[in-house]
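Trainee: I have just opened this one and would like to go through it with you. Could you walk me through it step by step?
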Amino acid sequence: MKHFLSTDDIDSLPEWLKKGRTLAPGSGTPEQPGLGKTLCLLFFNNSLRTRLSTQKAARLLGLEVLVMNFGAEGWNLELEDGTIMDGGAAEHIAEAAAVVGQYADLIGVRAFAGLSDRTLDSAEGILHGFVKYAGVPILNMESATGHPLQALADALTIAETTKKTTPKVVLSWAPHPRALPQAVPNSFVRIMQRMPVDLVITHPKGYGLDANLVGAYEPVYDQKKALDGADYVYVKNWSSVQEYGRVLNRDPGWMMTAEKLGEAQFMHCLPVRRNMVVEDAVLDGPQSLVLKQAANRTLSAQLALTHLLDVQ
Ligand code: CP
């Protein structure tokens, strides 16, 4: 059974990007391979874009949609096999996933990193628990280590807007008051490695991404140098991998400004903290692509769901 768990589940990225263009609003009535089928979306964490764009995509494909805020309203799940369940978990994921699998033909799961135990987060217990026990295809709506739907929307955005055959794309770390997961930068790097782009990654020392997930790379610690000649600047905060989940740096000098952006186009997955991650002038200016990225989340969900419906 196929799933959509990471950008590696995109067999041919050029084909997906081409197909994405045919799905854009105004491109005609989409096919409805989901008619008579049900998608269940389970949110263990908050969401605006993922929740609404995935529902919209599902409905365009003819799917019925069930949505549950599992984190707030579901039973606490036990993920380990063979445990004596005398703690806080009321239900094992084996039963929970199998039950949902009886109500749905596809299941979307959002389950972020806890950021306290790197090994636990890397194991992706909730996502892989649903893969193991649900018996239906699983859609990753952002897990501990990846956000493939966002990455695909970002790739669609660059493919749609670039005027160059090989644009320079800079992923730039930004300060943030809270510790955030590495899922978005991980998936962005992975998908950019398959695009015809010149990718540069800049972050302070101590913020190196996990080479097991993104491959070995040479970070540029000098943000100004990294931004030189950029066509796209993707700004994102993430917490330290090496000192797992810790905020090591809040230097406002890493915030993106209009001056630093220069002629480049600005990207961010949203939600974003104004004047902490990026200044107002950038977000409100004509070089910001953030709304286009959010719009393309519907297309990326349509592509992923179509893929899962096709392969059942
Ligand atoms: N970019 C993104 O995934 O947004 P939400 O967390 O609001 O779904």
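Trainee: Which residues surround the ligand?
Mentor: Bearing in mind that this is a predicted model, the ligand is surrounded by Ser-47, Leu-48, Arg-49, Thr-50, Arg-110, His-147, Gln-150, Cys-269, Leu-270 and Arg-297.
Trainee: And which atom of the ligand is 3.0 Å from a polar backbone atom of Cys-269?
Mentor: That is a nitrogen atom of the ligand, while an oxygen atom of the ligand is 2.7 Å from a polar backbone atom of Leu-48.
Trainee: Okay, changing topic: how many residues are in the largest nonpolar core?
Mentor: The largest nonpolar core has 51 residues, and the ones with the most contacts inside it are Leu-152, Met-192 and Leu-305. Helix 13 (290-310) is one of the elements that supply at least two residues each, and helix 7 (148-161) and helix 8 (183-192) are also among them. Helix 13 gives the most to this core, with 7 residues.
Trainee: What does this core draw from each domain?
Mentor: At least three of its residues come from domain 1 (7-146 + 297-309), and at least three from domain 2 (148-293). Apart from this core lies another, of 20 residues, which includes Leu-42, Phe-70, Ile-93 and Ala-97.
Trainee: Back to Met-192, what does it touch?
Mentor: Leaving aside residues up to four places away in sequence, Met-192 touches Ala-155, Ile-158, Val-169, Val-197 and Leu-199.
Trainee: Then there's Leu-39: buried or exposed?
Mentor: Leu-39, which has its place in strand 1, counts as buried because its relative accessibility is 0%. Its contacts, again without residues up to four places away in sequence, include Thr-54, Ala-58, Val-65, Ile-107 and Leu-305.
Trainee: Last topic, how many aromatic pairs does the structure hold?
Mentor: The structure holds 6 aromatic pairs. In one of them, the rings of Trp-173 and Trp-254 have their centres 6.0 Å apart and their planes at 85°, and since planes over 60 degrees apart count as edge-to-face, that is how this pair is described.
Trainee: Where do those two sit in the chain?
Mentor: Trp-173 is in strand 7 (residues 168-173), whereas Trp-254 is in the loop between strand 9 (232-236) and helix 11 (258-261), so that the pair links distant parts of the chain, 81 residues apart. Both Trp-173 and Trp-254 are buried.
Trainee: Which residues form an aromatic cluster?
Mentor: Phe-44, Phe-70 and Phe-130 form one.

Key: Residues numbered from 1 in each chain as written. Predicted model: local features only at pLDDT ≥ 70, side-chain atom pairs only at ≥ 80, totals over all residues. Heavy atoms only, no water. Phe/Tyr/Trp six-rings, centres within 6.5 Å; stacked < 30°, edge-to-face > 60°. Helix = DSSP H or I, 4+ residues; strand = E, 2+ residues; numbered from the N terminus. Buried < 20%, exposed > 50% of the residue type's maximum accessible area, 1.4 Å probe, protein only. Core = buried A, V, L, I, M, F, W, Y, C linked by side-chain atoms within 4.5 Å. Domains from an automatic or database assignment. Contact = heavy atoms within 4.5 Å. Near = heavy atom within 4 Å. Polar contact = N/O pair within 3.5 Å; in protein donor to acceptor, adjacent residues only side chain to side chain.
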